[in-house]
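Subject: Structure for you to look at

Hello,

Here is the structure I promised. Please open it and read my notes alongside.

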Amino acid sequence: MRKARLWLFDVQAGPVVAVFSVDVECAPKVLISFLEDCYYDHLTVESSPLERYVAETLDGADVPIMASAGGTALGPQRHQMVFTSATLPEDTVQRIVYRADLDWNPAYSSIKFPAELNRRPASGAAVGAYVSVLSAQQDYIENCALLSAVQIVAATGKVRQIRLAAYDALLRVRDLSRDRTALSTAERRAELARINETMAEQEL
């Protein structure tokens with residue numbers, strides 16, 4: 001590993017997206033286990049677990065984070081990207097995309113190979129659900145791919161927040177129905193108005 005960097009992207013109308021980039025020199029198949037460790041946060045930064053390091057960095061930047069039982073600042077939405085300076089065999093690419101050193105069965109593969117990024121024989125791109133590989137692409141294409149991944153991760157994170165808020169609102173409405181005798185009509189109406197306001201904000 002030559003160097004690593006933590007990027008924080010403040011995405012409009014979405015959560016802050018943390019991007020952990022690492023420059024490494026190794027055989028392509030070595031990336032398989034490394035990507036697996038990165039995905040499950042089995043990394044340390046200056047003897048501190050990655051999730052704690054991210055949380056401390058966000059706290060130092062005055063970025064609010066959601067509390068959780070594990071104290072992590074990292075959400076489940078994530079996407080990994082591999083940028084290489086040379087083209088890789090298709091078999092190696094699929095091993096990296098699936099983070100598994102196993103033979104490829106195209107009949108059960110969901111990897112996409114964008115035509116525009118694969119029209120040159122000296123460059124290529126493969127997009128998987130959780131990992132994408134770009135080989136010998138120009139800098140601006142790599143930057144566009146990275147920013148697209150940031151936007152997608154932010155969007156899926158926001159959708160997850162909206163889904164949780166909607167579920168919480170349904171539970172509150174159910175509780176209001178159950179506690180009809182404990183609350184006055186005015187109190188129930190006020191609570192329903194607050195729930196409606198929250199849902200309208202999420203819809204917006």
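Predicted model: local features only at pLDDT ≥ 70, side-chain atom pairs only at ≥ 80, totals over all residues.

Residues are numbered from 1 along each chain as its sequence is written, and side-chain values use heavy atoms, leaving out hydrogens and water.

Strand 6 covers residues 124–127 and strand 7 covers residues 131–135. Helices (H or I, at least four residues) and strands (E, at least two) are DSSP runs, numbered from the N terminus. The two strands pair in the antiparallel sense over four bridges; pairing takes at least two bridges found by DSSP. Strand 6 and strand 7 form a hairpin, with three residues between them.

Now the helices. Helix 4 (residues 139–178) packs against helix 5 (residues 185–203) at about 165°, with axes 10 Å apart. Axes are lines fitted to C-alpha atoms over the stretch in contact, and angles run from 0 to 180 degrees between N-to-C directions. Helix 4 and helix 5 are therefore roughly antiparallel (over 145 degrees).

Which residues of helix 4 meet helix 5? Among them are I162, A165 and L176, while the helix 5 side includes L192 and M199. Contact means heavy atoms within 4.5 Å.

Last, L147 lies in helix 4. L147 counts as partly exposed because its relative accessibility is 46% (between 20% and 50%, with a 1.4 Å probe, protein chains only). L147 and F9 are 138 residues apart in sequence, yet 9.2 Å apart in space, C-alpha to C-alpha.

Best wishes

Key: Parallel < 35°, antiparallel > 145°, perpendicular 65-115°, else oblique.
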